[in-house]
Amino acid sequence: MESSNDLSIEISPDVSLALVKVPAGEFTFGSGETAQRLMLDEFYIGKYPLTNEQYSEFVQDTSHVPPEHWVGRLTPPYNILTHPVVGVEWRDTLAFVEWLSDLSGKRFRLPSEAQWEKAARSTDGRLY
């Protein structure tokens with residue numbers, strides 16, 4: 001069940017991308033002697049890692065080169081559709097984010113290190 005903090009972006013009629021809202025606020029960035037308190041504005045981040053199925057929609061729509069382990073196919077093997085996509089480079093992820101922005105009409109980008117850490121730590125300050 002989705003909460004009021006969730007957002008779903010339709011990639012195709014059968015495939016969507018779940019996002020969760022990370023509220024604005026202060027958090028501990030880093031650990032040990034280098035830890036510092038940072039304040040971040042509210043943002044959304046992917047609720048789950050990007051899957052092969054989601055990335056496949058991008059590949060099919062753009063003719064972008066698929067990961068090598070897809071063996072030249074435009075879609076991944078059926079048994080790994082829900083697995084996180086791997087074997088993509090940073091520039092591939094940037095191209096995906098640009099495509100998603102164009103597709104949805106919303107602005108997407110990769111999270112900053114601080115945003116990723118705040119999302120990973122949750123509200124209770126988890127270390128990992």
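This section describes the nonpolar cores, a surface patch and the surroundings of one glutamine in a predicted model.

In soluble globular proteins, nonpolar side chains tend to be buried together. In the present model, the largest nonpolar core consists of 15 residues, and Tyr55, Phe96 and Leu100 have the most contacts inside it. At least two residues of this core are supplied by each of β1 (6-12), β2 (15-22), α1 (52-62) and α2. Helix α2 contributes four residues, the largest share. For Leu100, contacts beyond four places in sequence are made with Ile9, Ile11, Leu17 and Phe108.

Helix α2 spans residues 90-104 and includes Trp90. The relative accessibility of Trp90 is 63%, so this residue counts as exposed, the threshold for that class being over 50%. Together with Leu94 and Leu110, Trp90 makes a nonpolar surface patch of about 310 Å².

Gln115 is located in helix α3, which covers residues 113-121. Its relative accessibility is 11%; Gln115 therefore counts as buried, as the limit for buried residues is under 20%. When residues up to four places away in sequence are left out, Gln115 touches Leu40, Phe43 and Arg109. With Arg109, the side chain of Gln115 forms a polar contact to the side chain at 3.1 Å.

Key
Residues numbered from 1 in each chain as written. Predicted model: local features only at pLDDT ≥ 70, side-chain atom pairs only at ≥ 80, totals over all residues. Heavy atoms only, no water. Patch = residues over 30% accessible without salt bridge, like charges linked within 9 Å, V, L, I, M, F, W, Y side chains within 5 Å. Areas by Shrake-Rupley, 256 points an atom, 1.4 Å probe, with all protein chains shown as cover. Salt bridge = Lys/Arg side-chain N within 4 Å of Asp/Glu carboxyl O. Buried < 20%, exposed > 50% of the residue type's maximum accessible area, 1.4 Å probe, protein only. Core = buried A, V, L, I, M, F, W, Y, C linked by side-chain atoms within 4.5 Å. Contact = heavy atoms within 4.5 Å. Polar contact = N/O pair within 3.5 Å; in protein donor to acceptor, adjacent residues only side chain to side chain.
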